[in-house]
There are 2 protein chains.
Amino acid sequence: MTSQRLFDLILERRSYLCVGLDTDPALIPKHLLGEPDPIFAFNKAIIEATRDTCVAYKPNLAFYESQGAAGWESLRKTVELIRLSEHFIIADAKRGDIGNTAQQYARAFFDVLGVDAVTIAPYMGADSVTPFLGHPDKWAVLLVLTSNPGSADFQMLECEGELLHERVLRLAQTWPGAERLMYVIGATHPERFARVRALVPEAFFLVPGVGAQGGDLGALSRAGMNKQCGLLVNSSRGILYASSGTDFADAAGRAARELQAQMDVLLRECLGR
Amino acid sequence: MTSQRLFDLILERRSYLCVGLDTDPALIPKHLLGEPDPIFAFNKAIIEATRDTCVAYKPNLAFYESQGAAGWESLRKTVELIRLSEHFIIADAKRGDIGNTAQQYARAFFDVLGVDAVTIAPYMGADSVTPFLGHPDKWAVLLVLTSNPGSADFQMLECEGELLHERVLRLAQTWPGAERLMYVIGATHPERFARVRALVPEAFFLVPGVGAQGGDLGALSRAGMNKQCGLLVNSSRGILYASSGTDFADAAGRAARELQAQMDVLLRECLGR
């Protein structure tokens with residue numbers, strides 16, 4: 001999907017919401033556990049309840065891989081279902097490996113699984129990221145400033161005159177194919193949004209950490225939005241586990257609509273449209 | 001496996017070789033492609049040819065995941081086969097994710113797949129690593145200084161008075177469960193071995209980058225060995241693809257025995273035993 005098409009969807013749906021499919025067998029409603037594929041059954045209900053109010057889905061691969069081969073099948077069916085409507089699909093894989101290994105991953109995610117984007121860790125440098133940047137209309141979403149407490153350990157270190165995450169952001173833009181990069185910027189660092197946006201005026205940011213982790217949607221949107229919106233704000237647990245009962249899908253739909261209503265107002269406020 | 005048991009195996013087999021199972025369907029001998037599971041058939045022949053000359057195997061997960069559900073099955077069978085003899089098994093996954101996601105991965109690798117260790121990326125900080133450190137006799141192998149050209153991009157940055165990879169190494173040792181950490185130190189940085197060994201006198205290093213990438217086994221062994229050996233030196237392509245013909249397993253066995261013979265001499269030279 002092109003960034004222009006993504007922006008069109010944002011305007012159509014009045015939403016820059018990404019629903020994180022962190023589907024945990026230990027947290028899904030008990031009545032689903034009798035289904036032949038409980039993870040897929042849960043995802044299907046969540047997707048049907050939220051697809052009109054979001055522009056992206058982000059399955060977190062850990063939750064599928066931890067189920068072995070069956071988990072990959074749940075993931076494959078989930079992606080296939082999402083593709084019946086029009087959404088940007090991000091495989092939250094946080095990969096980072098070199099050369100031919102990275103090529104294998106790029107093929108697995110873009111060609112076999114059929115997603116639009118993959119999250120990538122930067123620690124190993126250019127040759128662990130650039131293999132993901134050669135696929136037309138496919139994206140690598142680089143971890144820059146994450147939303148977890150551990151983000152302070154290395155990402156906020158002062159390195160040769162700038163913070164490590166700023167260095168990652170600046171250097172990444174010099175890599176061949178950098179126009180196919182998006183960046184993870186956690187909502188738990190509102191004071192950093194204006195600065196990182198100044199460093200990368202055009203790119204999309206994937207923003208985890210609103211809801212359960214406490215990020216402020218209004219503040220980050222005002223500081224981070226660009227003229228193509230440039231934000232995909234993720235919510236996982238706040239939507240998926242809004243209720244643990246048989247009404248989980250209704251509750252998920254309501255939680256997503258609440259975020260969407262706030263986004264509608266913020267799009268008008270920040271973009272005037 | 002305990003580090004003491006690993007050291008015992010090193011002395012018994014006169015080897016600190018780790019065979020990297022980067023099994024690429026595009027590179028395995030053509031005559032195997034008719035097998036029901038060509039990847040497993042290849043791995044089986046490689047394992048049978050090398051198991052007496054190595055102490056560890058390291059399947060690189062990218063090569064299995066890129067084959068979807070079938071790849072996971074090849075991996076599962078490979079790990080099961082390796083466990084019939086006694087080897088340290090490292091899932092080269094380069095994961096790095098937070099809290100409950102990391103927990104899912106730890107469970108997938110240690111409990112479901114049954115490996116001894118998983119490689120982990122440090123960029124997200126403590127809470128992306130510590131979930132791997134609570135499993136008795138299981139290990140997290142932290143990426144510190146990798147062997148690829150991109151390792152220069154961030155790992156060698158000067159950060160608040162030390163290089164980033166040194167900071168990673170020092171901080172990691174303060175994390176709860178740090179006694180279950182090993183560290184990736186690439187063979188392509190021979191000038192760094194004495195320094196990183198001084199920072200972590202006791203731990204095992206997993207060392208990629210000899211062979212195809214040009215690292216010098218003698219130099220890194222002399223600078224990096226500690227009194228428990230403390231090194232697992234990995235070779236992947238140099239063993240796996242020593243021949244592309246029907247004699248590939250014999251050629252792999254020969255390549256592994258050559259490294260083992262050098263290691264035998266180096267163990268005697270550095271440890272006196």
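What rotation and what shift along its axis superpose chain B on chain A? I looked this up before anything else. The rotation is 180 degrees, the shift is 0.0 Å, and the RMSD is 0.0 Å. That is the relation of a two-fold axis. The superposition is by least squares on the C-alpha atoms of residues with pLDDT of at least 70 in both copies.

**Model and conventions.** I am reading a predicted model, in which local features need pLDDT of at least 70, side-chain atom pairs count only at pLDDT 80 or more, and totals for chains, interfaces and linings use all residues. Residues are numbered from 1 along each chain as its sequence is written, while chains are lettered from A and ligands numbered from 1 in the order in which they are written.

**Confidence.** I checked pLDDT, the predictor's confidence in each residue, from 0 to 100. Chain A averages 94, and 100% of its residues score at least 70. For the complex, the predictor gives an ipTM of 0.93 and a pTM of 0.94.

I traced the strands of chain A next. Helices (H or I, at least four residues) and strands (E, at least two) are DSSP runs, numbered from the N terminus. Eight strands close a barrel in the order S1-S2-S3-S4-S5-S8-S9-S10, with parallel pairing. From one strand to the next the twist averages 30 degrees. Strands pair if DSSP finds at least two bridges between them. I picked out S4(A) (residues 117-120) and S5(A) (residues 139-145), which pair in the parallel sense over 4 bridges. Ile120(A) has Leu142(A) in S5(A) as its bridge partner.

**Helices.** H4(A) (residues 68-82) lies across S1(A), S2(A) and S3(A). H4(A) runs at about 180 degrees to S2(A). Axes are lines fitted to C-alpha atoms, for helices over the stretch in contact, and angles run from 0 to 180 degrees between N-to-C directions. I then looked at H7(A) (residues 164-172), where 7 of the 9 residues are buried. Buried means 20 or more other C-beta atoms within 10 Å of the residue's own, with C-beta atoms placed from the backbone. Among the buried residues are His165(A), Glu166(A) and Arg167(A).

**Interface.** Which surface do the copies meet through? They meet through the same surface, because 100% of the interface residues of chain B are also interface residues in chain A. A contact needs C-beta atoms, placed from the backbone, within 7 Å. Chain B gives 49 residues and chain A gives 49. On the chain B side, elements supplying at least two residues each include H4(B), S3(B) and H7(B). H5(B) provides the largest share, 7 residues.

Terms used: A residue is buried if 20 or more other C-beta atoms lie within 10 Å of its own, exposed if 12 or fewer, and partly exposed in between; C-beta atoms are placed from the backbone. Two residues are in contact if their C-beta atoms, placed from the backbone, lie within 7 Å.
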